[in-house]
Amino acid sequence: MYAGINNCNRVLYQIESGSIPVTEGKEETIAELKALRASYYYMLCDLYGNVPIMTKYDVPEGFIPEQSTRQQVFDFVIQEVTENMNLLSEEKGGMAYGRFNRWAAWALLAKMYINAEVYTGTARWQECIDACNKIIETGLFDLDANQRDVFATNNENAKEIIFALPFDDQYVTDWNAFDIHMQTLQPANQATYNLSSSPWGGICAVPQFIDTFDEDDTRLAENWIQGDQFSADGELLNCTMGAMSGKPLSYINEVPSIANSEEIHGVRHGKFEIAMGARVQLSNDWPLFRYADILMMKAESLLRTGNADAAAIIVTQVRERSFRSKPEKAIVTGPQLQEGSVYDYGRRDNLVPHTFEGGADIQYGRFLDELGWEFNQEGRRRQDMIRFGVYTTKSWFSHSPNGDYRSLLPIPRSQREKNPNLKQNDGYSNDNI
């Protein structure tokens with residue numbers, strides 16, 4: 001994140017000092033860089049909270065930045081985006097694709113506002129609604145008819161992508177840059193997609209989460225790889241290792257434990273299309289901000305401000321494309337959104353005694369479920385669970401609660417050793433992290 005911030009600061013300095021001559025659109029370019037820089041601080045605010053705010057590249061030798069509070073980082077992001085908003089491009093797609101335009105900036109503000117109570121202790125629900133409306137009212141974005149189109153290999157024309165991180169395996173070649181297919185599939189699945197390398201497998205869904213899906217929800221079948229596995233030619237594949245070696249490779253929604261499982265255990269991640277002949281890195285663009293999220297942020301803010309019925313209309317709109325065969329199941333009501341979660345929280349790893357905590361006690365737990373069903377595998381579950389008070393209070397599979405302070409990550413020791421101004425986040429020991 002700081003590498004991204006430093007790159008923004010460097011180019012800003014080069015433009016402002018004249019070492020990079022910009023004769024046309026200079027103010028707009030500077031505004032775009034500042035908004036992009038703010039997006040890195042959004043992630044730092046979310047993950048670490050109390051971090052230095054660096055806006056200069058030409059610092060004196062020996063300069064050591066001061067640590068800012070989470071509130072200060074929050075305020076900085078809001079100010080930077082707000083002050084530069086009117087200079088940002090309104091163009092969508094084409095040369096603007098993958099760049100921080102005005103609509104990406106409004107989406108970023110919505111993200112900050114919906115998490116404001118977590119970040120600062122003060123809720124900003126109406127500001128979140130207002131930011132979402134700025135995007136909704138343009139008419140530039142819409143839900144794709146099929147959710148899978150948003151995550152296709154060639155997804156740059158998806159109607160609901162507001163801001164994407166462009167990926168292309170010809171250029172993005174870093175190890176672990178975007179290799180979820182390698183991390184989730186078992187070796188035999190190389191033949192399913194004619195992959196250039198053999199997957200190494202392992203990552204799978206928590207069975208408790210899969211059990212929350214309605215059987216008629218197409219996101220269950222389309223987002224997850226389950227059941228018998230076949231080669232591209234239709235040949236049934238077999239396991240290649242462990243006690244199941246030589247037996248059919250068929251993914252089931254069971255995981256005995258993290259330490260003692262076979263190739264068949266756990267359904268696999270398949271939300272992002274795996275192209276035939278894919279390399280170690282995928283070429284799907286990553287939709288960091290998408291229209292469904294804008295709708296759901298508005299719905300959540302309405303729900304939390306006493307407008308459950310209005311929230312339900314929006315949630316139903318998002319659900320409709322996933323219940324085409326049973327459209328009546330797409331409908332959700334305001335009272336339903338105020339119910340608890342159907343997630344059966346509790347320990348399920350067979351190496352420890354099982355616990356059964358349920359989810360009925362979670363305020364607006366049904367809405368948290370909706371977020372899980374729509375946004376699984378998009379790297380946001382932690383943030384949502386924190387906002388709903390679940391992340392440090394509930395158990396799941398092999399996890400038990402271990403302190404509310406863990407809603408923030410620790411400031412790494414390597415960074416604290418280089419900068420004595422950095423104070424460790426509360427709750428963490430300075431000695432062993």
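This is a predicted model: local features need pLDDT of at least 70, side-chain atom pairs count only at pLDDT 80 or more; totals for chains, interfaces and linings use all residues.
Mentor: Helices here are DSSP runs of H or I with at least four residues, strands are E runs of at least two, and both are numbered from the N terminus.

Trainee: Why is H14 described as largely enclosed by the rest of the structure?

Mentor: Buried means under 20% relative accessible area, exposed over 50%, and partly exposed in between, using a 1.4 Å probe and protein chains only. In H14, 11 of the 11 residues are buried, so the rest of the structure largely encloses this helix.

Trainee: What makes Phe-213 and Trp-373 a tilted pair?

Mentor: Rings of Phe, Tyr and Trp (its six-membered ring) pair if their centres lie within 6.5 Å; planes under 30 degrees apart are stacked, over 60 edge-to-face, and the rest tilted. The count comes to 19 aromatic pairs by this rule. For Phe-213 and Trp-373, the centres are 6.5 Å apart and the planes stand at 50°, so this pair is tilted. Phe-213 sits in the loop between H9 (207–210) and H10 (218–223), and Trp-373 in H14, so the pair ties together parts 160 residues apart in sequence. Both Phe-213 and Trp-373 are buried.

Trainee: And what is the geometry of the aromatic pair of Tyr-405 and Tyr-428?

Mentor: Tyr-405 and Tyr-428 lie 4.9 Å centre to centre with 85° between the planes, and the pair is edge-to-face. Tyr-405 is in the loop between E8 (396–397) and H16 (413–418) and Tyr-428 in the segment after H16, so the pair links parts 23 residues apart in sequence.

Trainee: Is Tyr-405 buried or partly exposed?

Mentor: Tyr-405 has a relative accessible area of 29% and is partly exposed, whereas Tyr-428, at 13%, is buried.

Trainee: How do you know that Arg-380 lies over the face of Phe-375?

Mentor: A charge sits over a ring if NZ of Lys or CZ of Arg is within 6 Å of the ring centre and within 35 degrees of the ring normal. Arg-380 is at 4.1 Å from the ring centre of Phe-375. Arg-304 lies over the face of Phe-388 in turn, at 4.5 Å from the ring centre.

Trainee: What makes E1 and E6 a strand pair?

Mentor: Two strands pair if DSSP finds at least two bridges between them. E1 and E6 are joined by four bridges and run antiparallel; Ile-161 has Arg-290 in E6 as its bridge partner. Four of the five residues of E1 are buried, so E1 is largely enclosed by the rest of the structure.

Trainee: Which residues form one aromatic cluster?

Mentor: One aromatic cluster is made up of Phe-151, Phe-167, Phe-178, Phe-272 and Trp-286.

Technical notes
Residues are numbered from 1 along each chain as its sequence is written. Side-chain values use heavy atoms; hydrogens and water are left out.
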